[in-house]
Amino acid sequence: MNATAQTSTEVRGAAVRFDHVQKSYDGITLVVKDLNLDIAPGEFVTMLGPSGSGKTTCLMMLAGFEPATHGEIFLNDKPINNVPPRKRGIGMVFQNYALFPHMSVAENLAFPLEIRKLGKSERDAKVKRALDMVELGAFGNRRPAQLSGGQQQRVAVARALVFDPDLVLMDEPLGALDKQLREQMQYEIKHIHESLGVSVVYVTHDQTEALTMSDRVAVFQDGVIQQLSSPDALYESPQNSFVAQFIGENNKLSGKVTARNGNLCSLTLDDGTQVEAEAVNIGEPGTRSTISLRPERIELQPSESRDNVVDGVVKEVLYLGDHLRIVMSVAGNDEFIVKVPNGGRNTVPVEGEVYKLGWSAIDAKALDPVT
Ligand code: ADP
Ligand code: MG
């Protein structure tokens with residue numbers, strides 16, 4: 001992956017702008033490389049990527065806890081590199097709630113308002129409103145330790161919002177919660193975001209969470225945004241095979257481009273198989289490319305003629321209730337996955353059997369040109 005994969009869009013009057021931002025902790029390695037990202041007012045943008053890809057570092061620079069090594073960050077068009085954290089007016093939520101244990105829930109919420117020197121009646125009104133928003137109106141007098149993990153995290157969300165910030169940063173805020181609670185909180189945070197119109201920069205390594213909540217998702221790898229897109233564009237039109245692999249499942253087939261025909265192209269796979277694919281990002285005929293193909297877009301024993309029909313040998317079959325997951329050997333790839341919806345009348349394939357597999361050229365994305 002290289003820096004040319006970086007995508008940026010300029011939004012006029014951006015709530016947040018990273019302008020050629022770099023970060024190095026040791027003066028040698030860049031953990032954030034030439035980050036350019038505009039976030040519109042009211043937008044929910046998620047930084048998604050594997051551990052160590054630089055997401056938290058970006059948030060820390062935006063919050064003001066880490067200086068940028070190079071470049072400038074803007075809030076509402078004002079440069080903020082020299083503005084201390086508490087003057088940036090940003091709400092924050094982190095994975096380990098960081099509530100004050102010796103204070104009641106209401107006191108925890110009042111704290112950011114006291115710092116901002118609001119009077120008692122205004123404080124009380126805002127605390128009440130924020131607690132009601134996360135449905136904890138009756139819990140103001142409890143200590144954090146008297147609440148469940150999910151309730152504590154709701155308090156943390158309320159505390160980040162209580163002083164009406166324009167921007168809230170959330171770094172893996174649901175990481176400590178179990179799956180069911182996490183999904184419920186995803187909807188709650190999304191709902192609060194929609195009703196308040198606040199801008200949110202959210203960090204997660206969980207692709208489902210990113211797809212569920214975000215207006216746009218920035219996929220990070222090694223300190224570089226690989227793609228910045230809406231959730232559906234990220235899934236349907238990945239720009240390289242890292243993104244295709246990170247968002248959902250993906251089969252890879254490698255070969256050489258033989259011809260380009262408009263938005264499609266022909267390839268010869270390494271075992272000699274001829275296929276048609278969408279020419280998303282390829283080089284000249286003769287250069288190598290990797291095809292990315294979703295397991296659910298492949299038809300087993302296609303009934304009508306398809307752009308591509310290839311033999312596959314069954315290696316393993318997993319019965320997963322709503323679908324069958326079949327591991328096959330296809331054109332030299334021994335970990336080729338096919339998902340077959342369970343219509344109730346499937347004959348379950350058996351190891352060693354050979355099946356025809358069919359798919360549309362448009363569902364096979366030719367990516368990663370090697371020139
Ligand atoms: P992510 O949040 O995507 O997991 P981070 O931004 O935390 O990634 O880390 C990016 C890289 O920077 C990693 O290699 C990490 O080890 C390094 N790093 C993060 N924080 C510090 C720090 N305070 N000092 C030195 N290196 C750091
Ligand atoms: Mg992190």
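**View 1. Domain 1 and domain 2 of the predicted model.** The domain assignment of the protein, automatic or taken from a database, gives domain 1 (3–241) and domain 2 (249–370). The C-alpha centres of domain 1 and domain 2 lie 38 Å apart, and the contact (heavy atoms within 4.5 Å) takes seven residues from domain 1 and 10 residues from domain 2. Between domain 1 and domain 2 an area of about 800 Å² is buried, 39% of which comes from carbon and sulfur atoms; buried area is the accessible area (1.4 Å probe) that the two parts lose on being put together, summed over both. This is a predicted model, in which local features need pLDDT of at least 70 and side-chain atom pairs count only at pLDDT 80 or more, whereas totals for chains, interfaces and linings use all residues. Residues are numbered from 1 along each chain as its sequence is written, chains are lettered from A and ligands numbered from 1 in the order in which they are written, and side-chain values use heavy atoms, with hydrogens and water left out.

**View 2. The packing of helix 2 against helix 3.** Axes are lines fitted to C-alpha atoms over the stretch in contact, and angles run from 0 to 180 degrees between N-to-C directions. On the helix 2 side, Val105, Ala106, Leu109, Ala110, Leu113 and Glu114 meet Arg123, Lys126, Val127, Ala130 and Leu131 of helix 3.

**View 3. The packing of helix 2 against helix 4.** The axes of helix 2 and helix 4 are 8 Å apart, at an angle of about 25°, which makes helix 2 roughly parallel to helix 4. Val105, Asn108, Leu109 and Pro112 of helix 2 form the contact with Val155, Ala158 and Arg159 of helix 4.

**View 4. The packing of helix 4 against helix 5.** Helix 4 (residues 149–161) and helix 5 (residues 179–196) cross at roughly 20°, and their axes come within 11 Å; helix 4 and helix 5 are therefore roughly parallel to each other. Gly150, Gln153, Arg154, Val157 and Leu161 of helix 4 make the contact with Leu181, Gln184, Met185, Glu188, Ile189, Ile192 and Leu196 of helix 5.

Notes:
Helix = DSSP H or I, 4+ residues; strand = E, 2+ residues; numbered from the N terminus. Parallel < 35°, antiparallel > 145°, perpendicular 65-115°, else oblique.
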